[in-house]
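Student: I'd like to learn how to read a pocket and a helix crossing. Can we go through one structure together?

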Amino acid sequence: IVSVDKTGKLSRQWWKQDEGSMPSKAKAIEIKGLSKWFGDYQALKDVDLNVAHGERIVICGPSGSGKSTLIRCINSLETNDFGQITVDGIELNQSKASVSAIGAEVGMVFQQFNLFPHLSILQNLTLGPMKARALSKAEAEKRAMRYLERVQIPEQAHKKPSQLSGGQQQRVAIARSLCMEPKIMLFDEPTSALDPEMIAEVLDVIVDLAEDGMTMICVTHEMGFARRAADRMVFMDNGEIIETGSPSEFFDAPKTERCKTFLNQILQH
């Protein structure tokens, strides 16, 4: 495991196989004992979660259960108060080096599209790779067009965000993250700001990424998408992981009363 100490120095820790500390396949994300407070309110309570490379996790739960806070901690958008987060072998410890190293491996798509309104779609997509990856303009544009093809809107490249529908703008936001070529994608309720008729087009893009083996964690209330795309469901409530399981286990035979109640409520809508 590569870790970054508070001075920004990289070091490598070797785990002893006979202690069973390291699985045969390294984890993409490993979270141990994660806790987070906002003032007197504890948003996360001793959360443990492991995600394998290529695994697709869907996190669901009621509002205020800690779902978004959890994935924001993975990407250093929130700082954890206690616990350990390791992403692709890099331990997050809030040093600039670790935050930068993990940021380079993790892409994130938010509820809002956060596109620069004065730039074209192509310019929105090339800005990051040119600044952070030192790509030339030609290389960045070639990559941007490849990912616009991937999300099925290459014809929108020279338009401004205001000329696109909400679903198209969210697909641009996904393509923008992909242009950084992350190993892991985080989605924070990516369809919550969309009109109902636009939700399917965005979820289809995410399913396509999932089928290609992208490691991803998606916070969503779209249970049809979860059944279709997830390898594993994670149900959170009151800052804790209450239940995990395969989609079939989760939907057809939930183990806890709290999960049963949640599913009964959400599946009726």
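Predicted model: local features only at pLDDT ≥ 70, side-chain atom pairs only at ≥ 80, totals over all residues.

Student: How much space lies in the largest pocket?

Tutor: About 450 Å³.

Student: Which helices and strands supply at least two residues each to that lining?

Tutor: To read a lining, ask where its residues sit along the chain. Here, helix H2 (96-105), strand S8 (106-109), helix H3 (121-132) and helix H5 (166-178) each supply at least two. H3 gives the most, with four residues.

Student: And how does the lining divide into nonpolar, polar and charged residues?

Tutor: There are 10 nonpolar residues, seven polar ones and two charged ones.

Student: Now the crossing. At what angle do the axes of H3 and H4 cross?

Tutor: With two helices, look at how close their axes come and at the angle between them. The axes of H3 and helix H4 (residues 137-150) come within 9 Å and cross at roughly 120°. Angles of 65 to 115 degrees would count as roughly perpendicular, and ones over 145 as roughly antiparallel, so H3 is oblique to H4. The crossing is right-handed.

Student: Which residues make the contact?

Tutor: From H3, they are Ile 121, Leu 122, Leu 125, Thr 126, Pro 129 and Met 130. H4 brings Lys 137, Ala 140, Glu 141, Arg 143, Ala 144, Met 145 and Leu 148. By class, the contact of H3 with H4 has nine nonpolar, one polar and three charged residues.

Key
Residues numbered from 1 in each chain as written. Heavy atoms only, no water. 1 Å grid on protein atoms, 1.4 Å probe; cavity = no way out; pocket = protein on both sides within 12 Å on 5 of 7 lines; lining within 4 Å. Points joined across faces, edges and corners; volume = space filled by probe spheres on them. Nonpolar A, V, L, I, M, F, W, Y, C, P; charged D, E, K, R; others polar. Axes fitted to C-alpha atoms, helices over the stretch in contact; angles between N-to-C directions. Parallel < 35°, antiparallel > 145°, perpendicular 65-115°, else oblique. Left-handed = near helix turned anticlockwise from the far one by under 90°. Contact = heavy atoms within 4.5 Å.
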